[in-house]
Amino acid sequence: MKKILLFILTCFPFLGWSQNMTMFVGTYTSNTASKGIYAFDFNTKTGAIQLVSTTPMIDPSFLARKDNIIYAVSEQGKNKGNLASYSYNNGQFTLLNVVPTKGDAPCHVAVSPYKNLIAVSNYSGGSFVLYGLEPNGVIGNLKEFIQHEGKGVDKVRQEGPHVHSAFFSKKGHELFVQDLGLDQISIYKFINPKKPDVKLAEDPAEVFSSAGGGPRHIAFDKKEKYMYVVLEMTADIAVYKRDGQDWLFDQSININPDEFKGANGAADIKISPDGKFLYATNRGDANTIGIFSIAKNGKLVKVANQSTMGKGPRNFNISPDGKFLLVVNQTNNEIVTFSRDEKTGLLKETGNRVHVPAPVCIIF
């Protein structure tokens, strides 16, 4: 009976909200002490974190999950980027297969809501790929390879396309692709999104951010009426409102405190499970989380700025029950756990920290 319960909690951690759930962390291994991908037990009552196991992989910088299958991109050198799949059972990782990402420096991976597709974004390559997923989680055949072309206004950072992320819509009918190099969000529609012969329709819709903004990641409200885009280079959040098939610009608000004058490096953006608050991190000289309330009309109102209690907040995640927010401070090799006030959105450090060499991504 104990073995059956452990298997259920390991493969389906959301069922274990009252006790522990499994948390996975991607890292950079090049020139660091990291061992690869880390699995932790996360206590949903106290926020405590305990290491369970690791598996070796070169620079598994971003992770995604399909039940008990973990997908990781390997952000290696030129023409060496790949995507790996692992099964995770009883605290052990088992490699299933590895496929090329067809581009340099893959930096983001996402699984379709129908669990039949996986999207990988190649930052340096300026491209993205779609692979099919088999029912057992193994990465299947290549479905699409899309190469972006062009450049932006910043001659250093935007000398060419830099696809930074690709997010599936909640219904799985669209793919939103953020290109930092082009200041562009491309919205692709799927043909037969639920079926094995799924493919992208031609001529995606295009939404543009402010010149030199650098779209990185996005978040949606529950009804997907509003889209929130974090701009890495200016640390702004651009808000767009859906109008039929179009997305109309609605608001721009900066992550930083009003008095901030340092270098920017905005990184991640997420909305709380209750849909009431939005959080966004800025690296550079800031090392803070901007906390915003979401009004009924979709607009953001600044609540506060919270120190990440470290440097290089590359990524963060909110526990599925909404009670905790965990920040990955890449530069000083630490994950910091904050409790989250569900009424005010404010964060409070719990004292639960864990050392991880060069952490980059955290998922539940």
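Biologist: What classes of residue does the lining of the largest cavity have?
Modeller: Three nonpolar, five polar and two charged residues. The charged class is Asp, Glu, Lys and Arg; Ala, Val, Leu, Ile, Met, Phe, Trp, Tyr, Cys and Pro are nonpolar; the others, Gly among them, are polar. This is a predicted model: local features need pLDDT of at least 70, side-chain atom pairs count only at pLDDT 80 or more, and totals for chains, interfaces and linings use all residues. Residues are numbered from 1 along each chain as its sequence is written, and side-chain values use heavy atoms, leaving out hydrogens and water.

Biologist: Which residues line the largest cavity?
Modeller: The lining is Ser61, Phe62, Cys107, His108, His164, Arg216, His217, Arg314, Asn315 and Val360.

Biologist: What makes a space a cavity and not a pocket?
Modeller: On a 1 Å grid over the protein atoms alone, a 1.4 Å probe fits in a cavity but cannot get out; a pocket is open, with protein on both sides within 12 Å along at least five of seven lines, and lining residues have an atom within 4 Å of a point. The second largest pocket is lined by residues including Asp221, Lys222, Lys223, Tyr226 and Ile294. Its lining divides into four nonpolar, two polar and six charged residues.

Biologist: Why is the pair of phenylalanine 24 and phenylalanine 93 called edge-to-face?
Modeller: A search of the whole structure finds 13 aromatic pairs. For phenylalanine 24 and phenylalanine 93, the ring centres are 6.0 Å apart and the planes stand at 70 degrees. Rings of Phe, Tyr and Trp (its six-membered ring) pair with centres within 6.5 Å; planes under 30 degrees apart are stacked, over 60 edge-to-face, the rest tilted. Both values pass, so the pair is edge-to-face.

Biologist: What makes this pair a tie between parts apart in sequence?
Modeller: Phenylalanine 24 lies in strand β1 (residues 20-27) and phenylalanine 93 in strand β7, so the parts tied together are 69 residues apart in sequence. Both residues are buried. Ring pairs also join Phe24, Tyr86, Tyr88 and Phe93 into a cluster.

Biologist: How do you know what kind of pair phenylalanine 176 and tryptophan 247 form?
Modeller: Their centres are 6.1 Å apart and their planes are at 80 degrees, an edge-to-face pair. Phenylalanine 176 sits in strand β13 and tryptophan 247 in strand β20 (residues 246-254), 71 residues apart.

Biologist: How do you know whether tryptophan 247 counts as buried or exposed?
Modeller: Set the value against the cut-offs: buried is under 20% relative accessible area, exposed over 50%, partly exposed in between (1.4 Å probe, protein chains only). Tryptophan 247 has 9%, so it counts as buried. Phenylalanine 176 has 0% and is buried too.

Biologist: Where is asparagine 90?
Modeller: Asparagine 90 is in the loop between β6 (82-89) and β7 (92-100). Its phi is positive, about 50 degrees, although it is not a glycine.

Biologist: What makes aspartate 183 count as buried?
Modeller: Aspartate 183 has 5% relative accessibility, so it counts as buried. Aspartate 183 lies in the loop between β13 (174-179) and β14 (184-191). Its phi is near 55 degrees, a positive value in a residue other than glycine.

Notes
Helix = DSSP H or I, 4+ residues; strand = E, 2+ residues; numbered from the N terminus.
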